[in-house]
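Subject: Structure handover

Hello,

Here is the structure for you to look over. My notes on it follow below.

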Amino acid sequence: MSTNGSHVFTELGQRPDEAGPPIGGQPAYPADVTARLQAAAQEIIAKYPRPRSALLPLLHLVQAEDGYLTKAGLAFCAGRLDLTEAEVTAVAPVYSMYRRTPTGEYLVGVCTNTLCAIMGGDAILDSLQDHLGVHAGETTDDGRVTLEHIECNAACDYAPVVMVNLEFFDNQTPSSARDLVDSLRAGEPPLPSRGAPLCTFRETARVLAGLPDARPITADGQVPTATLAGLRVARALDMEAPPPDAEPSSQPKSDGTKGEAVEATKNEPAPGPSATVPAEPATTETDPRKTDSRD
């Protein structure tokens with residue numbers, strides 16, 4: 001209400017200069033939906049010492065209901081946490097994991113950050129856009145796949161990586177990525193390279209909300225070979241972590257001298273880049289006897 005007593009209408013949403021569509025959808029849930037969500041919300045809120053700390057999980061809960069954030073979802077969160085809708089709306093757009101447009105059953109994210117780009121991530125994204133007939137950020141007509149261009153999948157040891165509903169599909173090529181989305185659209189989701197079997201985007205949102213997940217943590221035959229490469233080399237060379245009270249070898253010792261590893265390598269040039277990407281076996285870059293500073 002303004003100073004002269006007249007009503008002022010305020011549309012909740014992002015700033016006028018903020019990218020992305022406004023939060024839309026119905027203003028409130030039907031009574032039966034509210035009752036169902038209320039039971040799940042109580043379970044989530046009970047995990048936190050202060051109710052408002054459950055805001056992010058509750059946003060996942062309402063995203064699981066609608067497939068994206070709606071006015072009804074934000075109003076529900078505000079009502080459960082004794083917040084204003086403006087307070088909830090101020091938080092929601094900050095995080096890219098909360099979507100503003102309807103999302104397909106499978107959110108397919110293609111990484112084109114440095115290493116994935118070098119290994120072919122850009123080609124994968126271009127191939128999927130042509131194959132699916134949608135641009136990144138759009139959903140196929142059948143509602144099965146939403147294609148997403150993401151900054152990093154945090155799985156550089158298996159680049160290029162495609163992520164489906166937060167599960168990894170490693171070492172992809174344009175051809176394997178096309179086969180992947182074809183399987184998703186056919187209702188035959190393949191097993192991820194690592195992690196739990198696939199579930200839908202809405203089911204994934206419920207898991208992120210903190211509700212029980214009955215899926216196994218990993219499936220049979222999933223071995224993170226590349227991730228464990230450093231551990232295998234360390235074991236082969238009888239390397240182990242120093243005890244907790246040991247002085248870091250990169251720092252001067254108490255007598256003013258430096259660690260042996262630092263003295264042995266301080267004037268050596270950094271190794272040059274490999275002639276192949278990735279480096280082939282039995283080359284300087286992959287031979288621990290050539291890269292171990294103790295030798």
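D170 and R194 form a salt bridge, with 2.8 Å between the closest N and O atoms. The term salt bridge here means a side-chain nitrogen of Lys or Arg within 4 Å of a carboxyl oxygen of Asp or Glu. D170 sits in the loop between β4 (167-169) and α7, and R194 in the loop between α7 and α8 (201-208), so the pair ties together parts that are 24 residues apart in sequence. D170 is buried, at 9% relative accessible area. R194 is buried too, at 16%. Buried means under 20% relative accessible area, exposed means over 50%, and partly exposed lies in between (1.4 Å probe, protein chains only).

Before the rest, the ground rules. This is a predicted model, in which local features need pLDDT of at least 70 and side-chain atom pairs count only at pLDDT 80 or more, while totals for chains, interfaces and linings use all residues. Residues are numbered from 1 along each chain as its sequence is written, and side-chain values use heavy atoms, with hydrogens and water left out.

The chain as a whole

The protein chain has 11 helices and 4 strands. These are DSSP runs numbered from the N terminus: helices are H or I with at least four residues, strands are E with at least two. Of its 295 residues, 34% count as buried. The chain exposes about 17,400 Å², and carbon and sulfur atoms supply 54% of that. Areas come from the Shrake-Rupley method with a 1.4 Å probe; for residues, only the protein chains shown count as cover. Take the contacts between residues at least 6 apart in sequence: 63% of them join residues at least 24 apart. Contact means heavy atoms within 4.5 Å.

Other salt bridges

The structure holds 7 salt bridges. One of them joins R144 and E105, where the closest N and O atoms are 3.3 Å apart. This pair links distant parts of the chain: R144 is in the loop between α6 (121-132) and β2 (145-150), E105 is in the loop between α4 and β1, and 39 residues separate them. R144 is partly exposed, with a relative accessible area of 22%. E105 is partly exposed as well, at 31%.

What else does E105 touch, leaving out residues up to four places away in sequence? Besides R144, the list holds G143, N165, T200 and F201. G67 is 38 residues from E105 in sequence, and their C-alpha atoms are 8.5 Å apart.

R185 forms a salt bridge with D142, at 2.9 Å between the closest N and O atoms. The pair links distant parts of the chain, 43 residues apart: R185 is in helix α7 (residues 174-185), and D142 is in the loop between α6 and β2. R185 is partly exposed, at 29% relative accessibility. D142 is partly exposed, at 40%.

There is also a network. Salt bridges link E167, D213 and R215.

D66 belongs to helix α2 (residues 55-66).

D66 does make polar contacts. Its side chain meets that of Y29 at 2.5 Å. A second polar contact, of 3.0 Å, joins the side chains of D66 and T70. A polar contact is a pair of N or O atoms within 3.5 Å; within protein, one must be able to donate a hydrogen and the other to accept it, and residues adjacent in sequence count only if both atoms are side-chain atoms. Setting aside neighbours within four places in sequence, D66 is in contact with Q26, Y29 and R202.

A28 lies in the segment before α1 (31-45). A28 is partly exposed, at 46% relative accessible area. A28 and A72 are 44 residues apart along the chain, yet 4.1 Å separates their C-alpha atoms.

A nonpolar patch

V94, Y95 and M97 make a nonpolar surface patch of about 270 Å². Patches are made of residues with over 30% relative accessible area and no salt bridge: like charges are joined within 9 Å, nonpolar side chains (Val, Leu, Ile, Met, Phe, Trp, Tyr) within 5 Å. M97 is in the loop between α4 (85-91) and β1 (106-111). At 37% relative accessibility, M97 is partly exposed.

Best wishes
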